[in-house]
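My notes follow, point by point.

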Amino acid sequence: MRKILLPVLIVAGTLLIIGRLFYLQIVDDSWIKKSDNNAYKVKYDYPERGYIYDRNGKLMVANQPSYDIMVTPGEMKDIDTLDLCRLLKIDTTYFNYRLKKARVYSPRLPSVFLPSLSKKEFAAFQERIRRFKGFDIVKRSLRDYQVHAASNIFGYIAQVNDNIIKGDPYYKSGDLIGKQGVEQMYEEVLRGTKGVKYIQKDRFNREIGSFKEGIYDTVPVQGQDITLSIDAALQEYGEKLMFEKRGGIVAIEPKTGEILALVTAPTYDPAILVGRDRSKNYQLLERDSLGLPLFDRGLLAEYPPGSPFKILTGLIGLQEEVIDENTTFMCHHGFSYGRGAFMKCHGSGPHQLNNGIYNSCNAYFGNTFKLTIDKYTKPEYGVDAWSSHLKSFGLGNFLGYDLPPGRKGLVPDAKYYKHFYPNGGWRSSTIISNSIGQGEIKMTPIQLANMMATVANKGYYYTPHVIKKIKGLDIDKKFTTRHYTTIAKQYFDPVIQGLFDVYNHGTAYHLKVEGIDICGKTGTAENFTKINGVRTQLTDHSIFVAFAPKDDPKIAIAVFVENGYWGARWAGPIASLMIEKYLKGEALTQKAREEWIMTHGLKEEYAKVTSGQPFLINQGR
């Protein structure tokens, strides 16, 4: 028995070893695909990113070839450092810095040594690459912008950092990733899939060909093309209208929630964040602490909404049944709402809902707000009801659009006021500035535009979004779902008529556009900041909101111009021009206004912060 047992164990052990080797080498190939396997070298073939088109099929973002020099420190041998530095026009400090960084990343894996070679640099290095063991060239795609606008919408692409590499195994050193804008939000759609080649090496670390004739190799798959809801011509036009101004323009298609234009000013050409100078240019933009070109005012700036907020004050008053279309309040260039308390107004005489809107009467909407809060037995209950109505319009929260940055704005409720008045004592008259869009209320330009889209739809809105179509995929259902407000549909009609009469009889009478029925509202918002630690009132902001045409709305818009004096001074003309441009293709009836807006700005006004010149306040409605 013992004579048989030993040979059996030897045979069994041999079979187990042979079986395991067969499994490892033939069945299980996972060991092959480990990029740090000494017998194999992994090379990646990078796909082109998906193209980006506007809503009309215009190509906005394409690709251009780029070449990066990669280094694998463990494969470097007999390098003439000075010769390499001369060839690449770099100094030894840069050489040592990049080599040290590459060694920290991995001695056996390639990492970027010199990115974004020009065609001339690529050709020169390609001729002599054999002299520099451990160095290689990788072809990638950089963005090639076909328009000089919409940088805040596109975002940019940049090399991944260590945190990204650690958090996502897809990315390797030197890979590119979308940052900000649609490049970030739709990264997985746009980036495509890298191709992989497994190169076998001999015992001298020399490449001897594809492993198993390339059966494990994969080809790159180009990223999906996407179509944005943006109208490229309207976007470019809006940026030109914001010449030497600060602020934002947001235009939305009410029937779909598609964003037609998203302008922030000042802005920059997206092309400056492409190539080797990207980091330097980005730092220059980041250091502009006054203009803040990287700050997307359309999405991030929280302003007091001013008089456009009166639209909501009126709608809530109607819904709460504290007013109707014929309710009349007297205006004596304002109204008294408490002992020694007086809210000023530019108008006078009796005001009902219609002329209250088109004359932008503070007295009318102050009284309406007061009745709304005082309807309830306690101001806390009234404020919470008022706050609930506002939040149904998407205010006081993130709207859920498909761009990275955003702010909630502010819609105060009873809890908010209890914090500031812990002993009570606050009432409707304490917070009455909210009635006219001052007070504590804060809104972003996209919230203002969405408010007008909701009014145009008579009570509902779609989540604003910039994606219109993804090749081969469906867009998120949340962008095709209606959100209804707490305001009944019938209450929108008289308010819309009042907004229409803003152009016929009211504060935007001189902004009428021939052949287009526009509903709009001017706005002027007080503007405060701290200068040397002292709260200082600056020149008022100019605001305008509108939609058109009245009976079949195709565009809703909000324009905000910082320090723009009053609503009809800057924001109103810009809104009228944008509406005519979108609906007619060009500003056919406003050429003189167009030229003036595009050639005049507010540089002197913005300089008053440091120049000491006086600010203009309380100039309009």
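1. A pocket, on a 1 Å grid over the protein atoms alone, is an open set of points with protein on both sides within 12 Å along at least five of seven lines; lining residues have an atom within 4 Å of a point. Grid points are joined across faces, edges and corners, and a volume is the space filled by probe spheres set on the points. The largest pocket holds about 940 Å³.

2. This is a predicted model: local features need pLDDT of at least 70, side-chain atom pairs count only at pLDDT 80 or more, and totals for chains, interfaces and linings use all residues. Residues are numbered from 1 along each chain as its sequence is written, and side-chain values use heavy atoms, without hydrogens and water.

3. The lining of the largest pocket has 39 residues; R98, K101, V112, P115 and Q159 lie nearest the centre. Helix α3 gives the largest share, 7 residues.

4. A cavity is a set of grid points where a 1.4 Å probe fits but cannot get out. The search finds 1 cavity of 30 Å³ or more. The largest cavity holds about 170 Å³. Its lining includes Y46, R140, D175 and K194. That lining divides into 5 nonpolar, 1 polar and 6 charged residues.

5. What does L228 contact, beyond its neighbours within four places in sequence? With contact meaning heavy atoms within 4.5 Å, the partners include I52, Y53, D54, F154 and V466.

Note on methods:
Helix = DSSP H or I, 4+ residues; strand = E, 2+ residues; numbered from the N terminus. Nonpolar A, V, L, I, M, F, W, Y, C, P; charged D, E, K, R; others polar.
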